[in-house]
Amino acid sequence: MFEHHKTRWLSLPEPPAADIDQRARSAIERCRQVIDAHLQQLASQAAAEAAVQSALELKELAQQAARAAAAEQAEAQARAQQEAAAVRDSEEKQRAEQRAAEEQLFRQVGGLIRMANAALRDGGTQRAAGLRRSIDQKLPAAGLPAYLSRQIEQLDEKLKELKLWKDYAVAPKRLELIGEMEALIGSTLEPAALAERIKSLQQDWRTISRGIVSEATEEWERFQRAAQAAYQPCREHFEAQAKLRQQNLEKRQAVLERLLAFEAAQNVERPDWRLLASVLSEAPLEWRRCFPVDRDAGRTIQEPFDEALRRLQAKLDTWHESNMADKQSLIKRARHLLTQEDSREAIEAVKRLQLLWKETGPAPAAQSQSLWNEFREVCDSVYQKRQQAHAEYTSGLEANRLKAIALCEEIERVAASSGAALLEATAKIPGWRDAYQALDEMPRTEARGLQDRFERAVDLCKARIEQQRVRDTEQSFRNLFEAARSIHAYEWAVLRDAESSEREALKQAAESFIAGTQGWPKGALKAVKDALAGSDSGSEVDTESREEALRMLCVRGEIQSDTATPAEDEGLRRRHQVQRLTQAMGQGIGGDAGEWDAMALEWVRIGAIAPNVHESLRQRFMRCWEKRPMGGAASTTWQGDDGAKRKSHDHRGEHTRAHGRDGSKVANRRW
């Protein structure tokens with residue numbers, strides 16, 4: 001309102017009089033002062049009200065903060081009280097559970113004590129000892145009530161008493177097991193059977209040692225030493241077997257690697273076919289020679305080996321088929337020469353075809369011989385047209401025939417000889433075979449007969465050599481028994497303390513016989529020398545044990561030779577047969593030359609007994625000896641003389657060193 005009036009005054013069109021203007025200005029000034037004073041009063045009043053309002057708000061905030069703090073404190077106290085109560089409840093529950101667990105444990109311990117006492121009343125020491133160990137496992141750290149501790153002490157006393165009694169009862173059995181184990185040291189049982197027997201005795205020891213208080217340390221160590229000594233042959237045998245299997249596996253791996261390397265090295269376009277055929281023939285043989293191997297390990301390399309062979313065989317079969325087509329073409333060209341008038345040119349052409357035939361690889365085995373026979377027949381027909389060539393051909397046949405006859409006569413002369421001259425022929429047989437194989441074609445009418453004569457002469461020579469060796473072997477054992485007789489006579493003189501001159505004469509006779517004898521069985525010379533050296537001791541010997549050992553040898557010989565045993569030794573024979581059946585059940589053990597040889601050497605080693613008894617037992621053993629199988633010890637492997645490699649000489653170019661059965665060239669190379 002004031003500003004409106006002020007504006008109207010100032011906007012008058014004509015200025016008022018001075019006094020009016022002054023009055024108006026004074027009024028305006030007073031109005032402004034009044035208004036300013038009023039505004040100041042209103043501002044002061046508003047500031048006072050604001051201060052009061054702010055104080056009220058601050059007070060309200062302080063009251064709210066105090067109420068919130070009180071509420072939080074009350075809530076914290078409530079939570080603390082709840083947590084304290086929960087802790088008290090948990091501790092109380094834990095103590096209750098602990099008391100319940102202890103009561104349960106005490107009940108279990110009490111039950112085990114009752115069960116152990118019951119087992120002791122029934123004689124179950126082992127079960128009672130096991131229950132006692134279970135009690136120890138359940139004992140609490142805080143200890144047991146006095147009544148349970150007394151019961152455990154009483155149980156321990158009873159258990160100890162019963163264990164001591166059982167230990168006393170099984171002590172003889174332990175000594176028996178030790179004796180049986182020591183008896184196995186140096187046993188002649190097969191390693192597998194010996195290992196099984198040792199394992200059985202160890203199990204028996206563990207069985208009788210259960211629930212024993214005394215450790216019997218010395219007896220256990222003695223038993224263990226005997227077990228280790230007895231098992232040594234088994235350990236060596238099994239280690240050797242494992243080593244052999246590993247070596248064979250490594251050899252097979254090497255064969256496989258060589259085979260794969262050979263396959264990779266072959267020229268894809270033009271492989272070495274003849275070398276490939278040689279590899280396919282030799283690789284399986286070498287693979288089979290690397291036996292035995294571990295089954296699982298061997299199976300992992302068997303499949304790649306077979307697969308490599310199949311791949312190579314497929315290539316070779318394809319080559320054989322191609323060769324068959326080439327050979328059929330050569331046969332066709334040879335037939336065409338039969339119509340040619342110029343025999344000289346025809347002969348030259350046949351020779352060229354024969355060279356091509358030899359250079360051509362082999363055909364499949366099923367057709368190889370028939371193709372060769374057909375080609376040879378055509379070539380022979382061409383050769384017949386030229387008499388001069390035929391004459392030279394006939395002359396060569398005759399020369400080869402005479403050489404074959406001379407060779408047969410030489411072998412027959414050697415076969416008619418004896419002694420060292422006959423035995424020296426062993427090394428000549430491969431040379432004779434090579435010489436005969438080197439002969440070229442012979443007359444067809446006599447080739448088969450000469451071949452048969454040669455084979456009969458070689459077989460006769462072999463048979464005579466075998467007979468000579470059998471005779472030499474028989475003489476060697478006669479020497480052995482005669483040496484044993486001389487040694488036993490000397491030893492008996494020593495045992496009965498004969499005159500020194502008599503002993504010296506007997507010893508000199510034995511030494512002279514041994515020194516002057518050349519032929520001995522394997523190991524016999526050492527055996528007789530050892531026996532003679534042992535005869536000088538003069539110490540007391542158990543002649544009854546020796547006699548029993550000699551009787552056992554007689555019984556073994558009678559069993560092997562199917563000879564009746566005298567009545568006084570029938571029980572010994574039955575026991576030996578039962579023992580053999582028990583130890584070798586399912587192994588098919590039978591007599592052989594090796595066992596007879598071993599018995600002969602054992603006869604020498606046993607030593608002397610009363611001469612009359614010794615002589616009667618010797619005659620009894622020799623009756624069995626005469627019935628033993630002959631020839632096994634003198635069998636010979638004829639190295640370099642394979643009877644299957646026999647060559648026909650009824651056509652030119654067949655079965656020569658450089659050509660196969662069908663006349664094709666054969667590479668003599670190792671892969």
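Predicted model: local features only at pLDDT ≥ 70, side-chain atom pairs only at ≥ 80, totals over all residues.
Close-up 1. Setting aside neighbours within four places in sequence, Lys-315 touches Trp-273 and Leu-276. Leu-276 sits 39 residues away from Lys-315 in sequence, yet the two C-alpha atoms are 9.1 Å apart in space.

**Close-up 2. Helix 8 against helix 9.** Helix 8 brings Lys-327, Leu-330, Ile-331, Arg-333, Ala-334 and Leu-337 to the contact, while helix 9 supplies Ala-346, Ala-349, Val-350, Leu-353, Leu-356 and Trp-357. By residue class, the contact holds 10 nonpolar and 2 charged residues, with no polar ones.

**Close-up 3. The two sides of helix 15.** Helix 15 covers residues 500-516, 17 residues in total, and spans 24 Å between its first and last C-alpha, close to the 24 Å expected at 1.5 Å a residue. Which residues of helix 15 are buried? They are Lys-507, Ala-510 and Ile-514. These residues cover an arc of only 60° around the axis, so they lie on the same side of helix 15. As a reminder, an α-helix has 3.6 residues a turn, so residues three or four places apart point the same way. The buried residues of helix 15 pack against helix 14 (444-495) and helix 16 (524-534). On the other side of helix 15, you will find Ser-501, Ala-515 and Gly-516 exposed.

Note on methods
Residues numbered from 1 in each chain as written. Heavy atoms only, no water. Contact = heavy atoms within 4.5 Å. Helix = DSSP H or I, 4+ residues; strand = E, 2+ residues; numbered from the N terminus. Nonpolar A, V, L, I, M, F, W, Y, C, P; charged D, E, K, R; others polar. Expected span 1.5 Å × (residues − 1). Buried < 20%, exposed > 50% of the residue type's maximum accessible area, 1.4 Å probe, protein only. Arc of directions from axis to C-beta.
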